Amino acid sequence: MSFMKLGAASALAMMMATGGALAKSDIVVAMQLEPPHLDPTGAAAGAIDSVLYSNVFEGLTRFDADGSIIPGLARDWEISEDGRVYTFSLAEGVTFHDGTTMDAEDVKFSLDRARAEDSANAQKVLFEGIETVEVVDPLTVKVTLSEPDGSFLFNMAWGDAVIVAPESIDDIKQAPIGTGAFKFANWVQGDNITLERNPDYWGEAAKLDKVTFKFISDPTAAFSAVMAEDVDVFTAFPAPENLPQFEDDPRFEVIVGSTEGETILAMNNKVEPLDDVKVRKAISHAIDRQAIVDGAQFGLGTPIGTHFAPHHPDYVDLTGNSQHDPELAKELLAEAGYEDGFETTLKLPPPSYARRGGEILASQLRAVGIETEISNLEWAQWLEQVFNGKDFGLTIVSHTEPMDINIYARPDYYFQYDNPDFQALMDELSRTTDPEARSELLKQAQTIISEDYVNGYLFQLATPTVAKAGVRGLWKDAPTQAVDMTGVYWE
Amino acid sequence: MTETGFLGAALRSRSLVLGAVLTAVFVLAAVVSFAWVPHDITSMNVPDRMKGPGGAHLLGTDHFGRDILSMIMVGARTSIAVAVVAVGIGMGFGVPLGLAAAARKGSLLDEVIMRGNDLVFAFPSLLIAIMITAVFGASALNAIIAIGIFNIPVFARLTRGAALSLWTRDYVMAARVAGKGATRISFEHILPNVTNLLIVQGTIQFSLGILAEAALSYVGLGAQPPLPSWGRMLADSQTMISIAPHMAIFPGLAILLTVLGLNLMGDGLRDLFDPKIRRVGR
Amino acid sequence: MSLLEIEGLDLDIHGEAILKGVSLGVAPGQIVGVIGESGSGKSMTAFSVMQLLPDGAMCRGRVTLNGHEMLALSEQSLCRLRGNEVGMVFQEPMTALNPIQTIGAQVAETILIHEDVSRAEAMSRARGALERCELPEAKFPLSRYPHELSGGQRQRVVIAMAIALRPKLLIADEPTTALDVTTQAQILQLLRRLVDEDGMGLMLITHDLAVVADMAHEIVIMRHGEVVEAGPTARVFAEMRHPYTRALFEASGHQPERDETRRDVPLLQVREVVRDYALPRTRLFAPQEHFRAVNGVSFEIAKGESLGLVGESGCGKSTLTRAILGLEEVQSGQILLDGEPVFTGHRPNREVRRRMQVVFQDPFGSFNPRWKVGPLVTEPFHLLDDPPTGAARDAAIAEALESVGLSAEDRHKYIHEFSGGQRQRIAIARALIIKPELIILDEAVSALDVSIRAQILDLLADLSGRFGLTYLFISHDLSVVRTITDRVMVMQAGEIVEEGPTALVFDAPQHDYTKTLIAAAPVLPDRGAA
Amino acid sequence: MLRFAFKRLVSLSLSLVVASVVIFLFVEVVPGDPAAYMLGMNATEETLAALRDQLGLSGTLVERYLSWVGGMLRGDFGTSYTYRTPVSEMIGERLWISLPLALYALTLSTLIAFPAGIWAASKRGSVADVSVMGLTQLGVAIPNFWFAMLMVLVFSINLRWFSAGGFAGWESGFLPAMKSLTLPAIALALPQASILARVMRSSLLDTLSEDFIRTARAKGLTKRQALWRHALRNALIPVLTIIGLQFSFLMAGAIIIENVFSLPGLGRMVFQAISARDLIVVESVVMLLVFAVIVVNFAVDIAYAAVDPRLRVRG
């Protein structure tokens with residue numbers, strides 16, 4: 001029976017028992033959700049990447065703290081003129097945690113595995129562009145794309161594109177073997193995962209000996225765990241309402257960064273009356289973003305006017321298009337033939353930004369005559385009814401994938417927006433690699449979806465991190481779902 | 001026990017009076033809430049959120065700035081409605097099953113009903129309630145069904161037990177001599193003599209229903225917004241318990257006092273109906 | 001100085017006076033009979049001696065037992081006396097013993113409580129006490145549990161417990177009321193023997209004058225908490241100074257006048273009836289065993305006749321009744337009422353059942369407490385195809401109630417507003433309402449006090465004369481059957497062992513089972529026999 | 001006695017079979033596809049189909065039921081969709097929290113309820129009786145999750161005596177582990193102790209009014225001796241049933257308390273499995289809980305026979 005597994009010393013418990021003395025080279029990081037398993041290429045659950053991305057697994061390229069793409073296992077690369085052939089030269093002397101060497105073979109194995117017919121990779125679409133992967137020599141790989149893709153290097157930095165080894169692929173879900181600065185040590189299911197420093201790491205060694213990830217889903221338990229100093233850091237703290245208490249407590253410091261999560265009021269563009277742009281515009285003007293941010297997120301989160309991350313250089317502030325103006329909203333509804341408003345459904349997924357935001361939004365829409373029937377769904381039901389079934393009027397969800405404005409170019413996507421000009425714009429974007437041209441195209445794209453009032457753009461999801469004073473090197477923002485501990489240390 | 005005697009004894013029993021008063025307060029609050037509520041619970045004004053009790057808001061405001069007293073009054077409607085209908089389902093199905101099982105004691109029907117009861121008792125009620133709401137979606141109606149199902153075996157078993165002892169009585173034999181069939185006897189003779197027991201158990205199941213509804217909506221599976229419910233108010237208040245304790249205390253107190261009132265009433269009624277107690281006299 | 005002296009004992013519970021100025025005495029070796037109907041306070045007197053009174057009881061006066069002033073003693077010292085100097089035996093043997101403890105342990109406990117002896121020693125003395133009460137080691141080892149014994153045997157265990165420490169005084173509160181006639185005789189005989197052997201005083205409480213008549217040296221007659229008459233048994237029977245004593249005596253031997261004309265037109269014919277009950281299987285696949293409750297019974301009742309059926313509990317008389325009433329199908333044989341079969345195929349037919357009704361024993365259990373008397377009495381109308389309604393219905397109710405000596409207005413009352421005797425009258429009214437020809441009286445008067453019993457017997461005799469009714473009178477009480485029936489049958493283990501005119505059967509019983517039955521029944525001395 | 005046990009065993013296994021069918025059908029009806037839940041929003045249809053194959057979700061209803069039940073008989077509950085580990089292993093780990101918690105709560109509840117019930121019954125109508133009855137009325141009425149929240153507020157956040165949640169793990173020693181189970185056990189024990197005390201009191205009062213108690217008093221036993229030697233053991237029988245019911249409730253009913261204290265027990269695992277549509281886990285755990293309840297009921301029946309000789313002879 002699994003008693004032995006439980007018996008393995010859980011770092012957290014030892015820590016607590018021996019007090020803070022050892023804390024200097026160890027750290028306990030708490031987060032809300034526990035990863036279902038430990039294969040980042042086998043599921044979409046963000047928690048897997050949070051624990052393993054760049055700590056245990058590394059990809060060819062890698063996200064830096066500010067979201068820019070920096071070299072990973074591929075030290076440098078040349079791109080052919082027509083932008084279709086990428087030749088990566090790999091870092092030397094890189095070994096996996098089980099001692100096997102990491103070379104071009106492993107890169108080819110990982111990419112072929114992700115794009116294979118029966119691949120269970122959640123982001124399989126990132127690899128569709130790859131035509132061939134050739135091993136030139138142990139340290140060089142040549143990847144040929146079917147057509148140029150400006151964001152290929154960006155895609156290779158995703159957690160789903162990390163490099164894995166055929167030797168250790170079989171039980172990767174329970175014992176992940178990567179090339180990162182930390183090695184996987186132990187997993188007490190339902191409670192914690194511990195990582196230890198990888199002594200023979202090829203790059204700059206990690207400053208900490210041991211990192212323990214503790215999973216506390218209940219917001220009150222989270223608050224008390226931090227207050228009782230059971231944990232050193234709590235990433236994406238679930239209860240923003242408690243932050244003021246941590247701010248004025250000298251033992252702690254609060255870091256509020258932003259994420260790639262554009263939180264939107266998605267409208268089903270194919271359903272009466274939401275197919276009429278006037279109605280969508282009316283709804284956008286009925287929304288008071290600041291009230292939702294204050295009410296639901298206790299002030300955390302920056303209002304957005306379009307589906308783009310405000311901390312990104314190419315962001316255009318279009319909140320002006322949808323100012324909170326209930327009178328205008330009523331006029332627009334009247335013009336569209338709905339003087340006494342209409343009834344629609346508001347289906348909400350579990351996160352508190354959706355549940356609380358939904359209640360506030362419902363009262364704001366009611367003020368202009370739009371009645372909403374709220375139904376709180378679990379993720380499985382939300383995916384089935386809203387995302388796949390498209391059986392909804394309105395819903396609130398935060399899209400946390402980085403740079404995902406291209407979803408507006410997919411007519412079969414759940415809010416069913418079909419605009420040929422926008423689709424053409426997206427094709428052009430994927431073909432251009434020149435940065436200035438790309439940012440001009442991105443600006444145009446943001447303006448189209450904002451003026452077309454495809455969805456009600458609410459706010460960019462913030463990520464509050466509460467840490468003990470003295471912890472250094474934590475990421476402020478979350479350009480991707482990751483808790484990169486490689487650069488973290490105690491002062 | 002002539003009519004006046006019944007009322008006299010009722011007033012003398014302390015727990016019955018206290019229980020009735022407590023329950024009446026909340027039933028009244030629910031009824032009044034249809035017509036009047038101190039503050040409109042649909043409108044939110046975030047600026048004056050989490051205000052302590054006193055001033056404009058007698059019991060303070062919640063995390064959206066809504067008046068807690070009004071929320072509790074309207075929440076009473078949900079809790080009481082769910083519990084009443086759930087007990088109704090329990091009695092509606094349970095009592096006839098119990099009567100039928102007793103009328104044909106030892107027959108296959110009796111065995112099937114009793115085994116069925118044991119089976120339903122074996123299922124962990126809260127878990128099944130959660131699964132029901134997972135299948136049909138979380139709503140007050142599904143909470144009613146989930147809680148109602150687990151009331152059925154309680155009433156079936158209670159009715160069967162009481163009916164079995166009545167079937168041995170001479171006046172049932174007299175009715176059989178008068179040619180009456182089992183069903184007719186069950187409703188003319190057995191049921192009237194079991195109603196006292198059902199009323200007492202009804203109040204107890206009513207209070208358990210309120211607790212169950214609160215538990216379900218606490219995990220988010222009871223009544224959905226904008227319909228307020230005490231359980232969900234507790235769940236919402238949980239994270240702010242250290243900065244706004246009043247948000248957690250008042251809904252909890254509402255649940256406590258309603259359930260306490262019902263249980264006291266149940267006790268009072270049990271003593272009132274129990275001839276043993278009455279003969280010895282308080 | 002006599003063993004027990006009670007002087008001017010007053011007792012009230014929650015302010016309600018139960019005993020008023022009761023005085024009586026018991027000398028060593030003397031048996032004092034305390035007679036009274038229910039509610040006369042006879043049991044409370046016994047409990048006052050033992051000081052085992054319910055909460056809220058207030059005692060005044062003097063009770064001295066063997067020199068101890070009982071009312072003044074502390075609970076501590078009272079406990080030392082109970083079981084040691086005074087023992088008590090109760091009415092209900094079935095519930096008097098702890099069901100989950102062996103009889104050996106329970107008897108030994110009396111010894112262990114009062115004396116510092118080893119458990120083995122106590123057990124062996126318990127063995128001795130049980131032997132004295134005629135419970136031999138072979139059949140009744142100490143390891144037996146109460147539920148494995150019959151009512152009579154359990155009463156013997158209770159007696160063994162009471163006399164284990166050879167108390168000075170034994171109080172027996174209606175020790176044999178719940179037992180059969182034959183067992184009753186044996187228990188009384190045992191008590192007399194124990195009194196003689198130990199020379200202890202016995203306070204015997206009963207409501208049956210006959211029981212006390214040939215046993216008690218002195219008798220005390222109580223009514224509503226007061227002693228109305230007391231003295232040596234013979235003198236009391238001879239003088240009967242107090243009117244209540246006379247009424248009590250007269251009622252016990254009451255003989256209602258009946259017209260004795262012979263009748264021979266048969267009404268009910270029972271031919272070779274057999275009735276079996278399936279026993280629960282002892283082993284899973286064992287063949288289904290049966291218990292034969294009625295084994296080939298045949299008899300006839302003529303119109304207007306009053307037939308008695310006597311037998312101890314378990315002889316099958318109730319099963320026979322249910323068969324006659326058509327409530328249970330018989331395995332073989334036939335039951336005909338005026339030539340018509342009670343059962344056609346598997347269904348009892350209504351026309352036959354319409355012509356017979358039943359009156360039950362327990363006045364408190366035979367009425368639905370939720371119904372008023374009106375609907376209760378008219379329930380048999382359900383058997384009629386077009387029962388009377390409106391005014392005709394009211395008239396029928398009024399006639400039925402008045403014929404049993406109640407007023408038509410009683411129909412609006414609830415049953416709990418009537419006494420035991422009145423309820424039995426209502427039961428008879430219920431039986432009369434559809435004018436049946438045959439009424440089965442299943443222990444109809446056993447639960448009534450002697451004085452009320454006499455009135456009901458008079459009523460039944462009068463009704464049979466007026467309406468030409470035929471009675472099947474079932475009882476375990478021979479003295480009642482003797483006074484009201486023309487013919488009598490004696491039933492034992494499912495068979496009729498003797499049958500004949502009542503006077504003949506009682507005076508010259510043939511079958512020896514009948515002989516033991518009649519011998520065991522206590523008989524009142526004839527009036528005036530000095 | 002043996003036949004009595006055999007008969008109960010037959011009806012027990014019959015209800016188990018019926019329970020397994022009911023659970024399986026009920027879980028199959030739950031809408032929502034586990035594969036979609038795991039692969040998120042951008043998964044393509046073939047990847048979903050590929051994953052469903054891997055999880056063994058594609059067989060027909062009957063095939064899946066038979067393989068599930070067949071597995072269970074061999075102790076193999078199948079592999080969890082989300083965690084990809086054998087369900088039996090997960091259950092094993094979580095049982096090490098739910099079972100001790102249930103036993104801890106049951107002991108607490110019995111230790112509180114027995115003395116309170118006996119004390120109240122022996123002093124019927126006195127101040128002691130009224131106060132015990134009043135307290136138990138409160139105990140029954142308090143929603144245990146609200147009580148848990150208040151305890152966390154007072155003991156964890158303000159007084160810091162207890163950690164507010166999480167489980168220290170058995171390897172950190174018996175005491176720290178029990179310490180983290182203490183508050184949840186108290187929250188669970190409160191209502192149970194109140195119910196048990198009331199049942200104990202009423203059962204004892206009934207027994208004290210029996211005839212054999214009067215016989216015992218007539219033999220010279222003091223009130224206390226009569227209560228301890230005769231009344232108590234007879235009064236235990238209905239109390240046994242309640243304890244049996246409570247244990248089965250504690251095993252499954254702790255879902256909410258496990259959530260409030262974020263204890264990784266069985267209840268919480270099933271709750272999370274339901275929202276993650278990890279159906280194989282849900283089926284197996286509910287089946288296990290039903291099995292536990294039926295076994296406990298069976299044990300209570302046997303205990304009946306041990307306590308009450310009248311039952312020993314039956315059957």
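Select chain D: of its 315 residues, 49% are buried. The model is predicted, so keep in mind that every value here is computed from it.

Stay on chain D and colour it by secondary structure. Chain D has 14 helices and zero strands. Now consider the contacts in chain D with a separation of 6 or more: 70% of them are between residues 24 or more positions apart.

Next, select V270(D). Which residues does V270(D) touch, not counting those up to four places away in sequence? On chain D they are V281(D), V282(D), V285(D) and V286(D), and on chain B there is L127(B). V270(D) belongs to the largest nonpolar core, which has 487 residues. Together with A160(C), V270(D) touches the most other members of that core. To see where the largest share of this core comes from, select residues 68–103 of chain B: this is helix α3, and it supplies 21 residues.

Last, show chains A and D together. Here 44 residues of chain A are in contact with 48 residues of chain D. On the chain A side, the elements giving two or more residues are α1 (3–7), α2 (11–18), α6 (219–227) and α12 (379–388). Select α12(A), which gives the most, with seven residues. Then colour this side of chain A by residue class: 21 residues are nonpolar, 15 polar and eight charged.

Note on methods:
Residues numbered from 1 in each chain as written. Chains lettered and ligands numbered in written order. Predicted model: local features only at pLDDT ≥ 70, side-chain atom pairs only at ≥ 80, totals over all residues. Contact = placed C-beta atoms within 7 Å. Helix = DSSP H or I, 4+ residues; strand = E, 2+ residues; numbered from the N terminus. Nonpolar A, V, L, I, M, F, W, Y, C, P; charged D, E, K, R; others polar. Buried ≥ 20, exposed ≤ 12 C-beta atoms within 10 Å, placed from the backbone. Core = buried A, V, L, I, M, F, W, Y, C linked by C-beta atoms within 7 Å.
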